[in-house]
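Please examine the sequence and the three-dimensional structure shown below. The briefing that follows treats a strand pair, a helix and a loop residue in turn.

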Amino acid sequence: QGFGTGKINLGELEVVKITEFERVWSCSLLRGKAEGVTFYKPVGIPDGFFCLGYYCQPNGQPLRGYVLAARERVASSTEVYCDYDSDTDFPALRKPVNYLLIWSTDCGSGSGFFWLPNPPLGYKAMGILVTDTLDEPDVEEVRCVREDLTETCEIMDTILATDANTFQVWTTRPCKRGMFCKGVSVGTFFCCTYFISENQELEIACLKNLDPSLHAMPNLDQIHALIKHYGATVFFHPKEDCMPSSVQWFFKNGALLYKDGKVNGEPIDYLGSNLPSGGTNDGAFWIDLPRDDNARKNVRNGNLESAELYVHVKPALGGTFTDIVMWIFCPFNGPANLKIGLMNIQMNKIGQHVGDWEHFTLRISNFTGELWQVYFSQHSGGEWVDAFNLEFIEGNKPIVYSSKHGHASFPHPGIYLQGSDKLGIGIRNDTARSNYFVDSSTRYQIVAAEYLGGVVTEPCWLQYMREWGPTIVYDSRSELDKIISLLPLFVRFSVENIFDLFPTELYGEEGPTGPKEKDNWSAWGTGREQRMCPCSRHSEKPQIDESNAECRMQSA
């Protein structure tokens with residue numbers, strides 16, 4: 001079908017991914033990547049397709065980038081483009097009028113000249129050209145795209161910058177990147193000699209996918225094939241005592257549903273069919289562990305044998321990529337391990353909470369079907385890692401390391417500090433390979449793929465939008481005061497400064513919400529969930545005060 005065929009229909013345009021390049025110019029004397037940066041011209045463009053801009057990347061990594069080349073399509077009489085009325089007589093692609101010389105330099109390895117295409121009225125440039133001579137490029141070199149077929153883009157990563165930032169080069173991406181957004185990254189770069197503010201519209205644009213069918217997205221059989229081929233192995237720390245479990249195991253082993261105003265919770269059906277469905281996280285319901293001490297301890301420990309990954313498949317970057325988001329559930333999040341300089345202090349209760357949803361994302365190219373990047377969710381943020389920087393097991397299956405107690409995801413084993421790296425103060429995230437692991441290529445359940453239109457039946461528990469654990473308030477000040485009293489005099493900070501340096505998890509834990517309530521589900525695809533101090537949330541829900549084991553009402 002359309003997935004993995006090398007070409008993608010965007011409506012009036014058809015695009016291909018170009019990965020073969022010819023070096024134009026490089027420089028290692030500019031501030032930025034120490035190994036230098038090289039600029040490339042795409043080559044091997046198929047007949048009938050046109051270049052949209054050049055490519056660049058740091059030298060210290062494999063040459064694995066891409067730019068898109070485009071050609072105009074002739075739509076059939078039955079095709080309808082979404083959000084767009086194509087009654088214009090203007091072609092989709094046109095040559096630039098001429099070029100504007102943005103900047104030039106001589107880095108010792110030759111001269112470099114940067115050119116911005118000057119598009120005809122009603123068209124947008126897609127990228128920058130680079131030459132090693134002062135001769136202006138031929139207007140046949142690139143094409144500009146009709147404005148209604150484009151979306152705005154923004155700068156992303158800085159690739160290089162001169163002293164005093166008189167000239168800078170960035171990668172770019174669509175401004176809107178959610179599951180239902182149409183912006184398509186061209187793979188080109190942007191550069192300028194002036195200050196760029198956040199959300200400032202650039203002089204180049206990205207493409208827009210006007211094909212509502214998203215024909216390049218994988219079908220259900222192809223999704224299963226991708227997971228079988230690329231499904232990550234998740235390793236848990238050898239000293240982990242808060243293991244994951246399946247949601248069904250959690251329900252079967254005594255999890256309780258509480259309702260605001262009622263003292264006792266009710267058992268949850270193993271399918272979650274008696275959970276309130278839909279709505280928003282209004283504080284009216286929450287889930288907690290069983291009341292019996294032995295049952296509570298059993299559920300806190302989790303059950304690795306039952307654990308599985310819950311998969312949400314969605315379009316990314318206008319349907320040119322597929323995001324396979326893999327969610328893992330842990331019944332309990334263990335206490336934090338604090339690092340203060342050379343001291344490591346295991347907390348008793350700070351950091352604990354019931355119900356922990358974490359995720360990582362496999363990003364697949366819909367042009368080729370290859371694994372492009374993996375997103376690792378890490379508490380209040382995360383990071384995208386290119387495939388060539390991952391660890392693999394059994395062929396093309398990446399490794400994900402889950403941190404002890406916190407279950408954040410990382411690409412490599414080691415110790416990651418959540419706090420101030422410079423001062424060496426914060427929460428430790430310890431990761432290591434062990435005999436505790438889950439192979440997501442075999443132990444998974446596809447729970448959602450909206451673009452398939454009802455092919456996937458979503459489980460009942462996925463529609464539960466409230467919290468999967470009660471809100472916990474910690475007596476952080478007394479615990480931290482004890483820690484500070486142990487420090488040498490010359491490294492003691494004020495209590496206020498220490499509190500500023502520690503992540504907000506130390507002050508208290510909101511009960512975490514399920515996958516559909518996370519920003520990652522449909523918005524930006526970055527999974528930047530913010531865990532907030534209870535006093536910053538407008539909630540009337542009872543909060544469990546771990547300092548005295550009493551319930552109290554706290555109104556924001």
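G414 has T431, a residue of strand β35, as its bridge partner. This pairing belongs to a predicted model. Strands β34 (residues 414-420) and β35 (residues 425-431) run antiparallel to each other and are joined by seven bridges.

**The hairpin of β34 and β35**
- Four residues lie between the two strands of this hairpin.
- In the hairpin, G424 adopts a positive phi near 70°.

**Helix α1**
- Helix α1 spans residues 220-230, and its buried residues are Q222, I223, L226, I227 and Y230.
- The strands against which the buried residues of α1 pack are β24 (309-316), β25 (321-333), β28 (353-365), β29 (371-378), β32 (397-402) and β37 (444-448).
- At the start of the helix, N219 places a side-chain oxygen within 3.2 Å of the backbone nitrogen of D221.

**The loop residue E12**
- E12 is located in the loop that connects β1 (7-9) with β2 (13-18).
- Is E12 buried or exposed? E12 counts as buried because its relative accessibility is 10%, and the cut-off for buried is under 20%.
- The side chains of E12 and R146 form a polar contact at 2.7 Å.

Definitions and conventions: Residues are numbered from 1 along each chain as its sequence is written. This is a predicted model: local features need pLDDT of at least 70, side-chain atom pairs count only at pLDDT 80 or more; totals for chains, interfaces and linings use all residues. Side-chain values use heavy atoms; hydrogens and water are left out. Buried means under 20% relative accessible area, exposed over 50%, partly exposed in between (1.4 Å probe, protein chains only). Contact means heavy atoms within 4.5 Å. A polar contact is a pair of N or O atoms within 3.5 Å; within protein, one must be able to donate a hydrogen and the other to accept it, and residues adjacent in sequence count only if both atoms are side-chain atoms. Two strands pair if DSSP finds at least two bridges between them.
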